[in-house]
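Open the model in your viewer and keep the selection panel at hand. The stops below say what to select and what is found there.

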Amino acid sequence: MSQAGLGRGAVEPVAVVGMSGVFPGADGIEALRDLLEQGRRVAPERPADRPSEGGSATAPPVCCIHGVGRFDAAFFGIAPIDAEQMDPQQRLFLEQAWSAVEDAGQRPGGLAGGRLGVFVGAQYGDYARLLAAAGELRAQGATGNALAMIANRVSYLLGVHGPSETVSSGEASSLVALHRAVAAIRSGQCDAALCGGVNILLRPETAVRMLEPGDASPSGQCRVLDAAADGRIAGEGCGVLFLKPLSAALADRNPVHALIRGVGVGHRGGGAQWDASAIEALADLLLHAHTAAGTAPRSLGLLETSGSATLAGDAAEVAALHRAFTPQTAGVAPTEPDCTLGSIKAAIGDAGPAAGIAAIIKAVLALREGRRYGVPGLDRPNPGLARDGGPFVVHRDSRPWPRPADGPRRAGVTAVSAAGTMAHAILEEWTGPVAGDGVPGGRVPPRTRPVLLSAGSEAGLDAVAAALRGWLLRQGDAGGDRLLRDIAHTLRTGRTDRPFRLALLASSLGELAVLLDAVPARSADPRILRGHAAAGSSGPSGSGSEELARAWVAGAAVAWPVPEEDGASRRLSLPVPPFAGRSHWYRKVEPSPAPSHAADWAERARRWRGETVALESGGEGMALVVLKDARNRNMFTEDLSLGILAAFQAIAEDPSFRVAVITGEGPAFAMGGSPQALSDIVDGRMSYTDFPFLYECLLRCPLPVIAAMQGNASGAGFVFGLYADIVVLAEEATYAANFMTFGLTPGFGATMLLPEKLGRGLAAEMMLTGGAYSGAALRERGVPFPVVPRARVLDHALSTARGLAALPAGSLRLMKSSLAGDLLNRLPAAVDAELSVQRKTYAFREVRERVSRLVTRLS
């Protein structure tokens, strides 16, 4: 654990082994690094996608995080109604805490039962106020909006037993949380810790109150340390660090981003924010913190200031810094300034209780990358910074940070809250061996290794593959077989398996790069294996890496063999998969649903290579579409929907087909919306009009379509099948337009289609009661479809299809267009009327509770 500069007798440093965060203009740590390197400043805005008591027109501009209403509730096993009542700060911190652990190359689920502490800085609780004002605050909101639960929920879901605390100390909150975390690790209260801060501003009053009178910038810019400084802009942020004692980090072969040498906290006492006593108090705090850490203020090459962004405030803070540095520079000949001052607030605004953790992450990046990031938009430095012989310098651009001759790079981070709490953290680069270097293990033999990637959606899978490709490019040519081994080891042992899966069978880094490049094009390369866990699997057919990988992408629980040399494998900081979140706002102030993205779905369908839908040739001009997601009862999941669209795209483009037959595999033909889709529709996050191809594709298919509904069908699945030109039902199967069972009024054009296909009386009965009817019962009620034994449904449909296929193709297409055209012309008005009624239906609490229970049961 030795490192030059630790100092004899110094306490063991705490290692930052994982980190994650989202900030204005940066949806991840690497994006934040790029923003800082490029010297960009995020513009404040009035976000239109937020609820607000005063409306967006009255809200002051804020440097915002976009999409804060999104949350992957299903991933964490949280019911939609509970997610809706949760403060977005809880949701955001939970996701970032999970990602910070994965960034360390560890599987979060493996922490259960351990002594992990959780410490978070937070201050505001806007969401509870908005819920109450809208009359939507419910029982779940009591825990969903308690600040204490930001930390406690993380501890609960991880199943850990260390201290769990939310700290509220104004702008210094997240640095105080870091102080608590480091102290808890060093005192033995916990073996490791997650710490950070979060700040989301949902009410204009909070954004105004966050800044003291006179502190808000009239120019709309946060000009920290600048002669033109005129105040701050309120901002948002969420950042999380995963901390371990350095010795534990090396023993566990975690990556080490940087070291925390020490953290000091204090208060300015009475008086004004930056009077003489406050300056003296901050100087004393810095000296005591460095003495306890065994370091000296003069060893800092970078100092993140608290940054009041006012002429007087910035000058006073720098005066305190000079006072702390003076005892070590007295009598020493002046040298070139070598301590760069900065503040992340100049880039992303003042994130309040999360400002400290944002500055810490900036400092960690600076130490890790060997860069001193500048102050974006700096025009002329604050004249109060100029002092003869002082060590401080401020600049606008990013510059290299040479390592000092007498030790490692060090950085300091300071936070001062309006209430008087002050904190100072001391960070240091890690110049020791990379975790895992020098351990026994011998030569790493070259061999094919499965590189496993998973995500919550197909788009997320593409994103994490692209991010891994970018990571590889940054590594250059170093590493060879050892790096490939470490990548495979980290992704196999340090990730939570998500449903969309990709396995790349690579025998070298170069081969892995080639395969990653081929992923977006849906290459048919046999070394690229794609799958979805919902498809299920009975297990691998053999013990080879390819057999195991095939079973894993299909959803099987695979016991991976651990090669002997993996005992020396490092855990790497690799890109973590994004969460597949959906918006979870309360209903009464939910923004209008996003417009349909049918064009995007069509493009994604052209790249779809899933296995839940199969397009087969039945010979004699017949196309057979089989819905094969029996495990999910052929519900309209994203994957199945893309598969249906892809199949009918291919049918329309193949002139050899004359007729299409669609059927289901297993006991169900199609059982309607998936749990996630139902939740999203009822909560107003989307509408079934976002997927018009599902209720239009059978009508728009240029060929006659026969629906062989051999199995059960309900809701949207039943209506979908009835859009076919010819329908065949099974005597034993059950069919239902069961929308009203959950209090939902019918959709998907059912109010027009069911009377058209079933007759007005039967259609009204089915829609009003929501009851299920066997095929035999429907035959007795006079439905105009063939109803045959289940075993004969597909044969009956294929026989009818052969007869149609023998007719002139041009005449068939003209007749299909004529028959479907009338329905297509009437469909938009029917759908609009349904949506108008449904918007009223979804406001009923009983309806939403019924759907919530259904979603929980189906999930």
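Start with the cysteines: the count of disulfides, a disulfide being a pair of cysteine sulfur atoms within 2.5 Å, comes to zero. A disulfide is a covalent bond between the sulfur atoms of two cysteines. Select C190 and then C195. C190 counts as buried because its relative accessibility is 2%, where buried means under 20% relative accessible area, exposed over 50% and partly exposed in between, with a 1.4 Å probe and protein chains only. C195 is buried too, at 0% relative accessibility.

A note on what is on screen: this is a predicted model, in which local features need pLDDT of at least 70, side-chain atom pairs count only at pLDDT 80 or more, and totals for chains, interfaces and linings use all residues. Residues are numbered from 1 along each chain as its sequence is written, and side-chain values use heavy atoms, with hydrogens and water left out.

Now show the whole chain as a cartoon. Its secondary structure comes to 28 helices and 28 strands; helices (H or I, at least four residues) and strands (E, at least two) are DSSP runs, numbered from the N terminus. Of the 859 residues, 59% count as buried. Take the contacts (heavy atoms within 4.5 Å) between residues at least 6 apart in sequence: 78% of them join residues at least 24 apart.

Next, the open sheet. It is formed by 11 strands with mixed pairing, in the order β4-β3-β5-β6-β1-β7-β14-β13-β8-β9-β11. Two strands pair if DSSP finds at least two bridges between them. Select 164–167 for β4 and 392–393 for β11: these stand at the edges with a single partner strand each, so one side of each has no neighbour in the sheet.

For a pair inside this order, select 302–304 and 339–342. These are β8 and β9, which run parallel and are joined by three bridges. L302 stands opposite T340 in β9.

Two helices come next. Helix α3 (residues 88–103) packs on the sheet and touches β1, β3, β5 and β6, its direction making about 135° with that of β1. Such angles run from 0 to 180 degrees between N-to-C directions, and axes are lines fitted to C-alpha atoms, for helices over the stretch in contact. Helix α7 (residues 173–186) lies across several strands, including β4, β7 and β14, and runs at about 115° to β7.

Stay with β7 and select R261, which is placed in that strand. R261 counts as buried because its relative accessibility is 0%. A polar atom of the R261 side chain lies 2.9 Å from the backbone oxygen of A293.

Then go to the loop between α8 (204–209) and β6, where D226 is found. D226 is buried, with a relative accessible area of 2%. Beyond its neighbours within four places in sequence, D226 is in contact with residues including L311, D314, R380 and N382.

Last, select 480–493, helix α15. Of its 14 residues, 10 are buried, among them L483, I487 and L491. The buried residues of α15 pack against β15 (449–455), α14 (458–475), β16 (500–506) and α16 (509–518).

Finish on β15. Seven of its seven residues are buried, so β15 is largely enclosed by the rest of the structure. R449, V451, L453 and A455 point one way, and P450, L452 and S454 the other. β15 pairs with β16 in the antiparallel sense over seven bridges, and the bridge partner of V451 in β16 is L504.

Notes:
Polar contact = N/O pair within 3.5 Å; in protein donor to acceptor, adjacent residues only side chain to side chain.
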